[in-house]
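Here is a short report on one protein model. It covers the fold, the disulfides, the aromatic pairs and the core.

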Amino acid sequence: TSVTPYLESIDISYNAAPSDPISIINSTTSDQLNYTNETLACNFLCSDIDIIDTLIYDIYWYKNGAYNQSYLSQSCSNSEYISFVLDFINISKGEVWSCSVNITDNNGLSSSTVISNNLIINNYSPQINGTLSNVTQSEDFADIDNLIPKSDFNANFSDIDEVPNSY
């Protein structure tokens with residue numbers, strides 16, 4: 001009897017960690033002025049070179065350099081651009097916000113945690129409500145009491161960053 005050697009094929013696969021996301025924080029409005037009445041978004045690409053991996057991400061929000069809140073185990077598709085929104089109810093003028101993202105695949109491998117740039121929330125300019133009416137003075141100087149006009153002006157301003165003001 002002869003012994004015939006044979007080759008056995010072995011499938012060797014390598015699982016890479018998800019790609020490190022580049023986190024960009026900005027306002028969701030088109031002019032991106034970062035006012036207190038605008039929502040913020042942490043934007044990044046959820047990606048892994050292993051296209052069959054299932055991906056999840058954890059996102060952390062920081063206010064003035066300190067942890068503020070997080071959303072964990074959010075699912076994303078491979079090579080999906082994510083824009084995770086933080087509602088403007090949570091922000092106030094002068095605050096400095098940033099976000100960080102970490103992506104994990106179904107094999108437990110994770111990207112590096114990447115922190116965005118800092119974004120400063122700007123003060124929104126007060127708005128005048130209504131108009132000031134023109135006041136005229138009589139040119140009849142016969143009555144000395146009417147020579148010096150007495151006028152009352154009322155103005156009402158609103159500021160989304162403060163309580164309404166009246167002057």
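Is Cys-99 buried or exposed? Cys-99 is buried, because its relative accessibility is 0%. Buried stands for under 20% relative accessible area, exposed for over 50%, and partly exposed for what lies in between (1.4 Å probe, protein chains only).

## Basis of the model

The model is predicted: local features need pLDDT of at least 70, side-chain atom pairs count only at pLDDT 80 or more, and totals for chains, interfaces and linings use all residues. Residues are numbered from 1 along each chain as its sequence is written, and side-chain values use heavy atoms, with hydrogens and water left out.

## Fold and surface

The protein chain has eleven strands and zero helices. Its elements, read from the N terminus, run β-β-β-β-β-β-β-β-β-β-β. Both element types are DSSP runs numbered from the N terminus: helices are H or I with at least four residues, strands E with at least two.

Of the 167 residues in the protein chain, 31% are buried. Among contacts (heavy atoms within 4.5 Å) with a separation of 6 or more, 62% come from residues 24 or more positions apart. The protein chain exposes about 11300 Å², and carbon and sulfur atoms supply 52% of that area. Accessible areas follow the Shrake-Rupley method with a 1.4 Å probe; for residues, only the protein chains shown count as cover.

## Disulfides

The whole structure holds two disulfides, each a pair of cysteine sulfur atoms within 2.5 Å. One joins Cys-42 and Cys-99, with the sulfur atoms 2.0 Å apart. This pair links distant parts of the chain: Cys-42 sits in strand β2 (residues 40–46) and Cys-99 in strand β6 (residues 96–105), 57 residues apart. The S-S torsion of Cys-42 and Cys-99 is about 75 degrees, so this disulfide is right-handed. Cys-42 is buried at a relative accessible area of 0%.

The other joins Cys-46 and Cys-76, whose sulfur atoms lie 1.8 Å apart. Cys-46 belongs to strand β2 and Cys-76 to strand β4 (residues 66–76), so the pair ties together parts 30 residues apart in sequence. Cys-46 is buried, with a relative accessible area of 0%. Cys-76 also counts as buried, at 10% relative accessibility. With the bonded cysteines numbered in sequence order, the pairing is 1-4, 2-3.

## Aromatic pairs

There are six aromatic pairs in the whole structure. Rings of Phe, Tyr and Trp (its six-membered ring) pair if their centres lie within 6.5 Å; planes under 30 degrees apart are stacked, over 60 edge-to-face, and the rest tilted. Trp-61 and Trp-97 form an edge-to-face pair, 6.3 Å centre to centre with 70 degrees between the planes. Trp-61 lies in strand β3 (residues 55–63) and Trp-97 in strand β6, so the pair ties together parts 36 residues apart in sequence. Trp-61 is buried at 0% relative accessibility. Trp-97 is buried, with a relative accessible area of 0%.

The ring centres of Tyr-71 and Phe-84 are 4.9 Å apart and the planes stand at 45 degrees, so this pair is tilted. Tyr-71 is in strand β4 and Phe-84 in strand β5 (residues 80–86). Tyr-71 is partly exposed at 30% relative accessibility, whereas Phe-84 is buried at 14%. Ring pairs link Phe-44, Tyr-57, Tyr-71 and Phe-84 into a cluster.

## Nonpolar core

A nonpolar core is a set of buried Ala, Val, Leu, Ile, Met, Phe, Trp, Tyr and Cys residues joined through side-chain atoms within 4.5 Å. The largest one has 20 residues. Those with the most contacts inside it are Leu-40, Phe-44, Tyr-57, Ile-59, Trp-61 and Trp-97. Strands β2, β3, β5 and β6 each supply at least two residues of this core.
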